[in-house]
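Student: I have a new structure to read. Could you walk me through it, one feature at a time?

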Amino acid sequence: MSSECLVAASVESHGGDGTLLGARGLRGTPATRRDRPVLGGTGGRSPTTVATEFDHRSVLLEKSLSLLELQPNAVIVDGTVGGGGHAAAILERTAPRGRLIGLDRDPNALAAARRRLAAYGERARLFRASFRELRRVLDDAGEERVDGVLLDLGVSSPQIDDPERGFRFSADTADETPLDMRMDPDAALTAAGLLRTASPEELADWFHRYGDLPGARRLAREIVASRKAAPLRSAGDLRRAIESAGVGGGRKHDPATLVFQALRIAVNDEIGALAEGLEAAIDALRPGGRIVVIAYHSTEDRLVKNCFRDAKRGCTCPPRTPVCICGNHVRLKIITKRPLGADEDEIRANPRARSARLRAAERTAEPEAA
Ligand SMILES: C[S@@+](CC[C@H](N)C(=O)[O-])C[C@H]1O[C@@H](n2cnc3c(N)ncnc32)[C@H](O)[C@@H]1O
């Protein structure tokens, strides 16, 4: 799914597929004004939102940092490092020797994070990888257990804003926007590829599950009919299929929003990656370590909720089973009984924060050996 390459801010060589973006060469280069670490993570802006040089405003910054219960010298994973907004604030609050392991599938995001975090030297190590590969990354980094994991899911503003990446679908640029949507530009399957090859059942299932789209099956049939004449290549082609199918998004949503969101989730296997990433993250936490997840979509949030609930429940053997045969044990204590959202001020400053849902949990002590 993603390259073995280590994109480290502080490591000489690793993985080595030629795309190493290590900052050795930058060491000693004074940080530019925009690159300089932001004290307290906010740079004097509102405490809940910060604009990075990557031009992405970190969502629920204060709440996520406080729920991670950051201590000096802690080792924290940012599984979705993006432009490094949360990561910089984490490094500030784990000074003087705290370490950050940052992952992202997107090399552009990592390049921005590398610039942003260069001033922290070897305290920040960045990896081009999906968070579903967290165990392998931690092995490569020589970290057995960590004190905290942050996952701030979905896409960043620069990914959406770059028309070449194909995440945009606004009508005025739709015909020039390719149906791409890969977070990892080296991944095999683009949105156009998926629309060309998926069965009508698969398409309908994605539109329904990831987009809550009324008329999901009708749209799937329309896409299959229209691709017989010519493959869908641009966001404009998909918009026309949506229009011809006559599907609606309900009173609240433009159907295109729901369809493009569903397609993005499918292209990047976001739900599969999250299921595996959550398990890997919980396993990597030391007892007392915290996991904080910010989701922007109900399917993601439900998965986080259920995964936390299962890890809290422990043994699931039927009541009269004499000896546990399921092997499950309690691994988490849930910190947020209900998901936390952004307040009005943050939503006003950053509309993307509106759909954010934050959940946090704490790793429990290891079970006693029998
Ligand atoms: C909302 S942004 C994170 C922004 C970041 N917290 C900040 O403050 O700048 C989400 C990032 O997660 C990345 N991403 C999404 N799914 C991922 C996955 N499975 N593994 C690694 N990175 C992923 C995206 O490429 C994107 O850069």
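Student: Is aspartate 212 buried, exposed or partly exposed?

Tutor: Two points come before that. This is a predicted model, where local features need pLDDT of at least 70, side-chain atom pairs count only at pLDDT 80 or more, and totals for chains, interfaces and linings use all residues. Residues are numbered from 1 along each chain as its sequence is written. Now the term: a residue is buried if 20 or more other C-beta atoms lie within 10 Å of its own, exposed if 12 or fewer, and partly exposed in between, with C-beta atoms placed from the backbone. Aspartate 212 has 17 other C-beta atoms within 10 Å, so aspartate 212 is partly exposed.

Student: Where is aspartate 212 found?

Tutor: Helices (H or I, at least four residues) and strands (E, at least two) are DSSP runs, numbered from the N terminus. Aspartate 212 sits in the loop between helix 7 (200-211) and helix 8 (216-229).

Student: What is the phi of aspartate 212?

Tutor: Most residues other than glycine have a negative phi, and most peptide bonds are trans. Aspartate 212 is not a glycine, yet its phi is positive, about 50°. Asparagine 73, also not a glycine, has a positive phi of about 75°. Asparagine 73 lies in the loop between helix 1 (61-68) and strand 1. Asparagine 73 counts as partly exposed because it has 13 C-beta neighbours inside 10 Å.

Student: Which residues does a cis peptide bond join?

Tutor: Alanine 95 and proline 96, with omega about 10°. Proline 96 belongs to the loop between helix 2 and strand 2.

Student: In what order do the strands of the sheet run?

Tutor: Strands of a sheet pair through backbone hydrogen bonds, either parallel or antiparallel. Two strands pair if DSSP finds at least two bridges between them. Here 7 strands form an open sheet, ordered 3-2-1-4-5-7-6, with mixed pairing. Strand 3 (124-128) and strand 6 (332-334) stand at the edges with a single partner strand each, so one side of each has no neighbour in the sheet. On average, neighbouring strands of this sheet are turned by 20° against each other, direction ignored.

Student: How many bridges join strand 1 to strand 2?

Tutor: There are 4 bridges, and the two strands run parallel. In this pair, valine 77 stands opposite isoleucine 101 of strand 2. Strand 2 also pairs with strand 3, in the parallel sense over 5 bridges. There, isoleucine 101 stands opposite arginine 125 of strand 3.

Student: Which way do the residues of strand 1 point?

Tutor: In a regular strand the side chains alternate between the two faces of the sheet. In strand 1 (residues 75-78), Val75 and Val77 point one way, while Ile76 and Asp78 point the other way. All are buried.

Student: Which strands does helix 1 lie across?

Tutor: Strand 1, strand 4 (146-152), strand 5 (285-295) and strand 7 (357-363). Axes are lines fitted to C-alpha atoms, for helices over the stretch in contact, and angles run from 0 to 180 degrees between N-to-C directions. Helix 1 runs at about 165° to strand 5.

Student: At what angle do helix 7 and helix 10 pack?

Tutor: Angles under 35 degrees count as roughly parallel, over 145 as roughly antiparallel, 65 to 115 as roughly perpendicular and the rest as oblique. Helix 7 and helix 10 (residues 255-267) pack at about 105°, with axes 8 Å apart. They are therefore roughly perpendicular to each other.

Student: Which residues of helix 7 make the contact?

Tutor: Two residues are in contact if their C-beta atoms, placed from the backbone, lie within 7 Å. Helix 7 gives Trp206, Phe207, Tyr210 and Gly211. Helix 10 gives residues including Leu258, Val259 and Gln261.

Student: Which residues come nearest to the ligand?

Tutor: A residue is near a molecule or strand if its C-beta atom, placed from the backbone, lies within 6 Å of it. Among the 24 residues around the ligand, Ser58, Thr80, Gly82, Gly85 and Asp152 come nearest. Helix 2 (85-93) and strand 2 (99-104) are the elements giving two or more residues to this shell.
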